[in-house]
Every structure is written in structure tokens, then in C-alpha cells.
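Biologist: I'd like to learn how to read a model like this one. Could you walk me through a few features?

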Amino acid sequence: MDKIIEFTKNIQFTLGDSVLEIIYLFAAVLFILGLKMLSHPDTARRGNFIAAIGMILAIAGTLILHKQGGQRIGNMGYIFGALTLGLVVGLVIARKVKMTKMPELVSFFNGMGGAVATIIALMEFPNIDKELIELHGMLNFQTLVIFLSLVIGSVSFTGSMIAFGKLDGFIKDIRSKSLRYVNMVLLLAIFGFVAFLMMQGRIDPKDLMPYVFILLGVSLLYGVLFVMPIGGADMPVVISLLNSFTGVTAAMAGFLYGNLAMLTGGILVGSAGTILTILMCKAMNRSLFNVIIGAFGGGGEAVQNELGTIKEISETDLAILLSYSRKVVVIPGYGLAVAQAQFLAHELDVLLEGKGVEVKYAIHPVAGRMPGHMNVLLAEADVPYDKLVESDKANEDMDNVDVAVVVGANDVVNPAAEEDPSSPIYGMPIVKALKAKNIIVLKRGMGKGYAAIENNLFYHDKTRMLFGNAKDTLQRVVKEVENM
Amino acid sequence: MEAILEFIYVNSETIFGIILSIFLGIEVISHVPAVLHTPLMSGANALSGVVIIGAIIILGHAESTFSIVMGFLAVFLGTLNVVGGFAVTDRMLEMFKKKPKKD
């Protein structure tokens, strides 16, 4: 007790300071509650709202009450200008973008967070505590935190932008083995450079600025080359990983400013993102290391065996086949998203249910470009929850299925994952469409899936193909079923 | 070595907070159904925008033109992350609303 009294005597605090700490604490609690609620379907939307309130509180509290060296926040005009501009642009982008573009958007916004962390690190580097440098030279934790924030923030920024570009299609995959070595060298160079800068002893941080900019450049480049060789099937994992990176940088900035809201929020995102990343890797039966090294689909050593012939089916025949089936399973993939065919798929399943056909959707965890991508799309088309079946459950019942309709999916139904040990996707759990009595594949053309490997399913005796944009072909099938 | 010990002593409360938060984050997330993976990732992404507080602090104490420009950029990008993140998450979750069951 005496100790506490003595402690309080020695520090001076104002009402504002303590109120701000309480606001931050409150905001941190709202973040945790929000995240907790976000992980249950019933409360998710409210959870998002609660987290947003926590954010508004933290921002407003900072604006009104924050002090640094006795100075209140100034430049209010600029701050409100930037806030308003960000608010308007952010809302417009978030509202206007199509649901199929969601993964790109998350990646883009995530990159923004990374850029902010980078800027903070750059601006705070010259302000490293003079006393700390006097005591320990550059070899102190503040310096380390700033460097890590700079490196991780910029990797997160450029990495997210490349992921955004790749998903959007204006950046193509570059797959070469040499890139893997370049990346490893770059990573070592970054670590070495950080170590070198921290060994500089008692020096004015301002004198090191040119080196810091070199470090920044190398880190930005690493972000680009880090995502470049990673194939599409791994994009969800990468976005999730970069998301947790941004969380970690937010926490580091929080550490720098002794700010509880930033610290808790950042760490929460860091650990949540990491868990999501691991869940994703598990769904694909791959290690995170493999994903990061960018080994996926890079080999292309898969043996080309004799593939057989492709058989096509007409819309009319498909309509008849579907109408006289008992059980139909729809296996959606990215093609469904691209064609925006989810509404038609639902129309078809309502029609078929009217005829007494049982229709389910088999959802592979990594179908599409993000975890849960298919769920979001089908929910958009009002497909009821109970019709969506996870792939394990769907596989148990696949023997009894009369028709499996694959709409724009490829790698997630590729039997090579089970049969061909030389295949790059060997070991990945798949939806076992091959076990169904008939397999119909709706596909734009004979192009390969994102993992760029051949799919034997398309050449199987039981399989028939219906080529064309899924929206057009489904439209015609719906009409045919209606007329029957 | 001495520096590390000193650091741990000085920042013990923060270190407690960080370690507990890590476990909290794992615990809060680990039972999430696959349906909510995308919204959750998006929501977490909005939360990482909390870094904007740092941006406000920088701009709020900026004096040189360079730091005002950088601060402005940081606050703008941070707002984009926060607002866009929450708005997109809300839009996704809007579609998960319980619909009256059809017979």
C-alpha cells in the first residue's frame, strides 16, 4: 500500500489522461466482444457493429483527449479532412463493388493498414527515445519494434496489393524456382540489415535515415516477390496471413505509443488471422511453410497420362436428367462467382424441388478465392442454410447421388488429389464428385483450374460436359426444366 | 541480456497483456463455422485499422510539411481500412439474415 501511495505521489496525471485510458480499455473490450459475436451466425452482424463502435470511441477519445509531451492533438483541420475523405471513399468502394470482388476488396483494405503501419514506423524512427540510445545504443527494444513494424507493414502492403491484382486478374502468376531462392536471399538480407542497423551503437537515429529507406525498399520488394509465385488456390491463405501481419504491426505501433486499444486490437487480429490461416492450410492438407515458399503448382511435373475423350451434353438432355433424378448435388466453384450464376442455380434448385428432387450444395472449404466464399455467394441468392453441406458430409452420401453438377469448380473435385501422388495437389481433401452416378460439369472451356493441372474427372465415362458461361447455360437449363 | 531483463521488468504489464490477448484471440476464433470465415477475416481486417490511432497522433503533432503530408496520407489510408472494412463486413453479413422459411 505504501508503495502505491508513493507511486501516485510521483506521477502526475490529469482527469483527461485517465478518462482516455478508460475509453481505450472500453474500446478493447468492445473489440473482443465484437470478434466473439462475429464468430456466431446469429450475432455476427451485431458483433461487427459493436467492434465499429469500439473503433469510433477509440478514435474520438484520441482526438479529444490524447496528449503527447503535454501537447494536445493539433492540425484538426487536416485530420478531419483526411477522416472525411477516407470515410467517403471507403464507403463508396465498399458499397459499389460486386460481391464476387469481395476477396480482392479485403486484400486491398488490408494493404492500406499495412501502409499506415509503415508510415508510422518511418515517422517515429527519428524520435527514438534519446535516453534509451544513451543507455543501450541502437540495440534497444523500441528500435526493434520500429524496424519490425516497418518491415512487416511494408510486406503486408505490397503483398496485399499483389494479391489484390492477382485476384482481379491484372497480375499474372510468375512461377519459377529461382524466385524461391531470390526470396530467401531477400529475407536474409532484411534480417541482416536490421541486425546491422541495431549494432550501430550511440548514434543519432536521423543519421541512419538513408539506410532505413533502403530497408523500406527491400521490404516492399520482398512483399511483391513473396506473393508473386503463389498460385490462386493458395490466395485465401495468403490474404489471411497478410491480414494477421497487419494486426501484428498495429500491435507494435500500440506498444510504441503505450496504447491499449491498438495493442489489444492488433494482437487479436494477429492471433485470429493466424488461426484462420492454419485452418485454411489444414483444409488443403499443406503446411504453411510450403505455401510461403510458393511451391504450389510451381512444379508442374504431374504425369500426363492418357486422358480419354470429352463427352458433351445438351441443355435439354441435362434438364431431363435432372428432372428425373432423386438426389442432385451442386458443387460450386469460382466459375459460379465469375458468371454471377448463383441466382440461377437457386432458381434451378427451387424448380427441381418442386418436382420432388432433393437438391443440396456441396461446399468445399477453399472453393472460390476465399474461405466461405461460396457460402457468401449462395446466401446472396437466398439459398437456405440447410441446403449447404460441407464436403466431408457430402462425400458420405455421394454414392446415393444421381447427378453431381459441378459449376465452375475444378481443383476441388480433381481426383488426382487422391489418386496421383505426383500431383501438386495430392493429399488435398476434395469433393468426391466421381462417386456420383452421373457427373455434369459446367465449364467455360477446357482451360485448367487455378492450380494449372489436368483434371481426369472431365474425361471419365460418367462425366458429361456443358460448355459455356454458367449463367447462359444455366439460364437455358432452367427454361428447359420449366417447360417440362 | 541485461537489456532484455530490464525490458521485461519495465514493460511487464504490456507483456502480460500481449500474451493474454494472444490466447484470447485464439480462443475467441477457434470455433468459428466455415460459413463465417470470409466475414470474420473481413471484420478482423477492419479491426487492424486500429493502427489509425497512431496515424492521428502523428498528424496531430506534425510540424514540418513532410510530416503533415505523411500524416495526412496515413490518416486517410487508415480511415479507408476502418470504414471500408466494417462496411464490407456489414454488407456480407446482411445476406446472412434469417429469412422466413418457405414451405
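Predicted model: local features only at pLDDT ≥ 70, side-chain atom pairs only at ≥ 80, totals over all residues.

Biologist: What is the strand order of the open sheet?

Modeller: Its six strands run β5-β4-β3-β6-β7-β8 in chain A, with parallel pairing. An edge strand pairs on one side only, as β5 (388–390) and β8 (463–467) of chain A do. From one strand to the next, the twist averages 25°.

Biologist: Which strands does helix α15 of chain A lie across?

Modeller: Helix α15(A), residues 342–354, lies across β3 (327–332), β4 (358–363) and β6 (403–407), and runs at about 175° to β3(A).

Biologist: How many residues of each chain are in contact where A meets B?

Modeller: For an interface, count each side: 89 residues of chain A are in contact with 73 of chain B. On the chain A side, α11(A) gives the largest share, 15 residues. By class, that side has 54 nonpolar, 29 polar and six charged residues.

Biologist: And is helix α3(B) largely enclosed or open, and why?

Modeller: Burial is the thing to check here. Twelve of its twelve residues are buried, so α3(B) is largely enclosed by the rest of the structure; among them are His37(B), Pro39(B) and Asn45(B). This helix, residues 37–48, reaches 16 Å from first C-alpha to last, close to the 16 Å expected at 1.5 Å a residue.

Technical notes: Residues numbered from 1 in each chain as written. Chains lettered and ligands numbered in written order. Helix = DSSP H or I, 4+ residues; strand = E, 2+ residues; numbered from the N terminus. Expected span 1.5 Å × (residues − 1). Buried ≥ 20, exposed ≤ 12 C-beta atoms within 10 Å, placed from the backbone. Contact = placed C-beta atoms within 7 Å. Nonpolar A, V, L, I, M, F, W, Y, C, P; charged D, E, K, R; others polar. Pairing = 2+ DSSP bridges. Axes fitted to C-alpha atoms, helices over the stretch in contact; angles between N-to-C directions.
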